[in-house]
Amino acid sequence: MNIIEAKNLTKHFDGVLAIDRLSFSVANGTITGIIGPNGSGKTTLTNILSGMIPKDNGMIIIDGVALERLKSYDARRYGIARTFQNVRVFEQMSVLDNLLVVVTERNVWGALFERHGEYHRARVLEVLERIGLRDKQTALARTLSYGQRKLLEIGRALLTDARVYLFDEPFAGLFPEMAKLIVTIIHELKADGKTVILIEHNMELIRELCDTVIVMDSGRLLAEGAPKNVLKKREVLEAYLGE
Amino acid sequence: MDYIIHLLIFISIYAILAMSLNLLVGYTGLLSVTHAAFYGVGAYTTALLMKFAGFNFFIALAIGVVIALIASFLIGLVISKLSGDYYALGSLGFNIIVFTIFLNWQTLTRGPLGIPGIPRPELFGFTFSGNIAYLALSFAFAVLVYLACRFIIGSSFGRALKAIREDEEALKCFGYHTSVYKLVIFAIAAGFASVAGALYASYITFVDPTTFYLPESVLLLSMIILGGLSNLQGSVIGAAVLILLPEALRFVGFPDTIAAQLRLFVYGLLIVLLMLYRPQGIRGEYKL
Ligand SMILES: Nc1ncnc2c1ncn2[C@@H]1O[C@H](COP(=O)(O)OP(=O)(O)O)[C@@H](O)[C@H]1O
Ligand SMILES: [Mg+2]
């Protein structure tokens with residue numbers, strides 16, 4: 001069963017064709033890697049799948065339902081959570097508040113009369129443990145290191161209890177021990193039956209983690225399949241080496 | 001003594017305005033330049049209902065709040081889709097529009113002549129005619145508004161407001177209809193401002209359009225920037241300082257007329273200096 005399917009997806013930014021008739025599918029409960037040179041449209045694809053920007057053409061099918069227009073606040077309803085390539089935590093809020101905001105009531109009136117309770121706190125603490133930020137609860141997010149902020153973003157995504165996790169270069173710029181933490185988290189997500197879409201440049205990690213890899217180049221699908229098959233293809237190597 | 005009570009009444013009224021504006025600017029990051037318009041809606045509604053329809057102050061105040069809520073809802077529908085500089089400019093436009101209505105709907109507002117002779121509040125046969133009684137009344141309202149703001153900020157809703165300030169687009173990805181949040185907090189702030197308007201009208205017993213124009217909105221912004229954004233006590237301090245400042249000018253010997261002119265000059269200078277040297281204000285944790 002495919003949880004996400006894209007058919008002939010197209011997106012351009014005045015003049016630049018960022019996504020060009022892209023079709024692929026992601027099977028439920030798998031880890032799918034997306035690789036491709038800078039500017040090949042990987043982030044744009046994440047933005048479309050999370051509703052942050054509208055597609056021009058083509059179809060997005062989530063769980064068998066074709067969506068005409070996905071808005072970002074609907075992403076949660078469809079079970080999609082994401083992180084951002086350039087970290088976007090709530091800088092002038094505490095670590096705790098960064099996480100509480102994704103577990104508390106969304107409805108305006110409900111939220112106005114809700115104060116966070118033990119239940120919310122317990123869920124947040126559990127995730128803080130997983131991302132190794134337990135003793136940073138009261139720190140403002142902007143005081144965290146780059147790596148810690150990336151982990152905070154991952155924690156925020158975990159707390160949404162989504163079915164699909166879009167991670168846009170989560171390992172970039174991280175020290176090995178933090179990267180290890182994220183590898184563990186991705187394994188745990190898979191063990192939980194979740195689907196992960198991972199944008200990553202490190203081929204070792206792609207090989208280690210992914211069931212399927214999608215190679216993009218200039219907004220197009222260049223290759224798709226198991227990492228061990230795809231990563232040795234000549235056109236893939238060429239796209240990366242720019243030959 | 002009466003003079004000090006008079007100043008304390010003003011500080012109470014401005015504390016209400018500043019705290020409610022802070023909900024928008026400090027907590028939600030929405031630079032609203034139209035707060036004086038809702039202050040005016042409250043003042044005019046109370047003035048008209050009390051003077052010409054004989055309404056009790058508290059009922060007039062409640063109706064003023066309802067009208068401010070409706071007006072802010074309509075205005076909010078338009079500007080809640082905006083953010084950043086566009087929000088500031090859009091809201092500023094509405095302050096001009098509302099001012100123009102106060103000025104030109106002469107059959108209702110008497111235009112530039114204003115409305116004199118607004119009665120003082122009455123409750124169960126007691127008239128708040130003395131200034132001490134009036135101070136008790138406006139102080140009580142200021143405390144209520146303070147508690148309400150505290151309640152809002154401490155709620156899950158309040159946390160979401162801060163997240164909107166930090167990164168509205170990112171927050172949307174987590175299932176928040178942020179424009180509804182922006183609309184609701186805009187209306188709440190407007191409701192509080194109209195309470196301040198009612199207190200002002202019945203205290204001064206006179207309203208005219210110029211009190212509710214852009215310079216007033218800017219004055220309110222300077223109060224909360226001075227006190228510190230996203231800090232309620234800061235708003236109260238900012239209100240107090242800017243109310244007392246022109247009095248201090250008078251005190252050190254400037255003639256009244258010059259002190260009045262100098263007042264605006266000093267407000268302006270203060271904003272510039274704050275932006276340059278202390279953008280987080282006296283108590284703020286957050287800067288624009
Ligand atoms: N908001 C935007 N406005 C204009 N051009 C954009 C925007 N986002 C992406 N692009 C362009 O689309 C192309 C794909 O970018 P992106 O999706 O960020 O690639 P990748 O993530 O694979 O590095 C690039 O040429 C980029 O300049
Ligand atoms: Mg990218």
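In S9 of chain A, A:Thr212 is the bridge partner of A:Thr32. That bridge belongs to a parallel pairing of S3(A) with strand S9 (residues 212-217) of chain A, which has four bridges. A word on terms: strands (E, at least two residues) and helices (H or I, at least four) are DSSP runs, numbered from the N terminus, and two strands pair if DSSP finds at least two bridges between them. This is a predicted model, where local features need pLDDT of at least 70, side-chain atom pairs count only at pLDDT 80 or more, and totals for chains, interfaces and linings use all residues. Residues are numbered from 1 along each chain as its sequence is written, chains are lettered from A and ligands numbered from 1 in the order in which they are written, and side-chain values use heavy atoms, with hydrogens and water left out.

So where does S3(A) sit? Five of its five residues are buried, so S3(A) is largely enclosed by the rest of the structure. Buried here means under 20% relative accessible area, exposed means over 50%, and partly exposed is in between (1.4 Å probe, protein chains only). A:Ile31, A:Gly33 and A:Ile35 point one way from the strand, A:Thr32 and A:Ile34 point the other way, and all are buried.

## Strand S8 and its neighbours

S3(A), residues 31-35, also pairs with S8(A), again in the parallel sense, over four bridges. A:Ile31 has A:Val196 as its bridge partner in S8(A), and A:Gly33 stands opposite A:Leu198. Strand S7 (residues 164-168) of chain A runs parallel to S8(A) too, joined to it by five bridges; A:Leu166 is partnered there with A:Ile197. To get from S7(A) to S8(A), the chain goes through helix H7 (residues 176-191) of chain A in a right-handed β-α-β crossover. Right-handed means that, with the strands pointing away from the viewer, the path from the first strand over the helix to the second runs clockwise.

S8(A), residues 195-199, is largely enclosed by the rest of the structure, because five of its five residues are buried. Both of its faces are covered: A:Thr195, A:Ile197 and A:Ile199 are buried on one side, as are A:Val196 and A:Leu198 on the other.

## Around ligand 1

Now for the ligand. Among the residues surrounding ligand 1 are A:Phe13, A:Pro37, A:Asn38 and A:Lys42 (a residue is near if one of its heavy atoms lies within 4 Å). By class, this shell has four nonpolar, six polar and one charged residues. Ala, Val, Leu, Ile, Met, Phe, Trp, Tyr, Cys and Pro count as nonpolar, Asp, Glu, Lys and Arg as charged, and the others, Gly among them, as polar. H1(A) gives the largest share of the shell, three residues.

Oxygen atoms of ligand 1 lie 2.8 Å from a polar side-chain atom of A:Thr43 and 2.5 Å from one of A:Thr44. Taken alone, ligand 1 exposes 560 Å², and the protein buries 61% of that (areas come from the Shrake-Rupley method with a 1.4 Å probe; for residues, only the protein chains shown count as cover).

## Two buried spots in chain B

Over in chain B, B:Thr28 lies in the loop between helix H1 (2-27) and helix H2 (35-53). B:Thr28 is buried, with a relative accessible area of 1%.

B:Leu61 belongs to helix H3 (residues 57-79) of chain B and counts as buried at 9% relative accessibility. Its C-alpha atom is separated by 9.2 Å from that of B:Leu49, 12 residues away along the chain.

Note on methods. Polar contact = N/O pair within 3.5 Å; in protein donor to acceptor, adjacent residues only side chain to side chain.
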